[in-house]
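Me: I am new to this structure and would like to go through it step by step. Could you begin with a term that I will need?

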Amino acid sequence: MLYVTTRDHNDAYTPHRVLGESTASDGGLFLPMQFPTVSREQIADLKNKSFGQNMADILNLFFQAR
């Protein structure tokens with residue numbers, strides 16, 4: 001997944017860079033270029049997992065390399 005900033009949608013940033021900086025060099029905040037989609041089944045399955053596993057699964061949606 002790639003990220004853009006709230007001030008510039010032309011430059012893309014990697015998850016590694018986003019995690020290493022609090023704001024972009026242009027002073028903007030980082031946003032995903034595209035939000036991941038989650039199925040109804042994935043949402044329903046959240047109740048069957050621990051809080052820690054849910055957090056790991058959700059964060060992996062935003063920080064996995066594609």
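Reply: A residue is called buried when its relative accessible area is under 20%, exposed when it is over 50%, and partly exposed in between, using a 1.4 Å probe and protein chains only. Tyr13 is buried, because its relative accessible area is 6%.

Me: What kind of model is this, and how are residues numbered?

Reply: This is a predicted model, in which local features need pLDDT of at least 70 and side-chain atom pairs count only at pLDDT 80 or more, while totals for chains, interfaces and linings use all residues. Residues are numbered from 1 along each chain as its sequence is written, and side-chain values use heavy atoms, with hydrogens and water left out.

Me: How many aromatic pairs are there?

Reply: The count comes to three aromatic pairs. Rings of Phe, Tyr and Trp (its six-membered ring) pair if their centres lie within 6.5 Å; planes under 30 degrees apart count as stacked, over 60 as edge-to-face and the rest as tilted.

Me: Why is the pair of Tyr3 and Phe63 stacked?

Reply: The ring centres of Tyr3 and Phe63 are 6.0 Å apart and the planes are at 20°, so this pair is stacked. Tyr3 belongs to strand 1 (residues 3–5) and Phe63 to helix 3, so the pair ties together parts 60 residues apart in sequence. Helices (H or I, at least four residues) and strands (E, at least two) are DSSP runs, numbered from the N terminus.

Me: Is Tyr3 buried or exposed?

Reply: Tyr3 counts as buried, because its relative accessibility is 4%.

Me: What about Tyr13 and Phe30, how are they arranged?

Reply: Tyr13 and Phe30 form an edge-to-face aromatic pair, with 5.2 Å from centre to centre and 75° between the planes. Tyr13 sits in the loop between strand 1 and helix 1 (15–20), and Phe30 in strand 2 (residues 30–32), so the pair ties together parts that are 17 residues apart in sequence. Phe30 counts as buried at 15% relative accessibility.

Me: What else lies in that loop between strand 1 and helix 1?

Reply: Ala12 lies in that loop, and at 44% relative accessibility Ala12 counts as partly exposed. Ala12 and Pro32 are 20 residues apart in sequence, with 9.4 Å from C-alpha to C-alpha in space.

Me: Changing topic: how many salt bridges does a search of the whole structure find?

Reply: The search finds three salt bridges. A salt bridge here is a side-chain nitrogen of Lys or Arg within 4 Å of a carboxyl oxygen of Asp or Glu. One of them joins the side chains of Arg17 and Glu21, at 2.9 Å from N to O. Arg17 is partly exposed at 35% relative accessibility, and Glu21 is partly exposed at 29%.

Me: Which residues does Lys49 pair with?

Reply: Asp45 and Lys49 meet through their side chains in a salt bridge of 3.7 Å, N to O. Asp57 also forms a salt bridge with Lys49, where the closest N and O atoms are 2.6 Å apart. Through shared partners, salt bridges join Asp45, Lys49 and Asp57 into one network.

Me: Which residues line the largest pocket?

Reply: The lining consists of Val38, Gln42, Ile43, Asp45, Leu46, Lys49, Asn54, Asp57, Ile58 and Leu61. Helix 3 gives the largest share of that lining, four residues. On a 1 Å grid over the protein atoms alone, a pocket is an open set of points where a 1.4 Å probe fits, with protein on both sides within 12 Å along at least five of seven lines; lining residues have an atom within 4 Å of a point.

Me: Which residues make up the nonpolar patch on the surface?

Reply: Val38, Ile43, Leu46, Phe51, Met55 and Ile58 form that patch, with about 520 Å² of accessible area together. Such a patch is made of residues with over 30% relative accessible area and no salt bridge, with nonpolar side chains (Val, Leu, Ile, Met, Phe, Trp, Tyr) joined within 5 Å. Accessible areas come from the Shrake-Rupley method with a 1.4 Å probe, and for residues only the protein chains shown count as cover. Helix 3 (residues 51–63) supplies the largest share of the patch, three residues, and Ile43 is found in helix 2 (residues 40–45).

Key. Patch = residues over 30% accessible without salt bridge, like charges linked within 9 Å, V, L, I, M, F, W, Y side chains within 5 Å.
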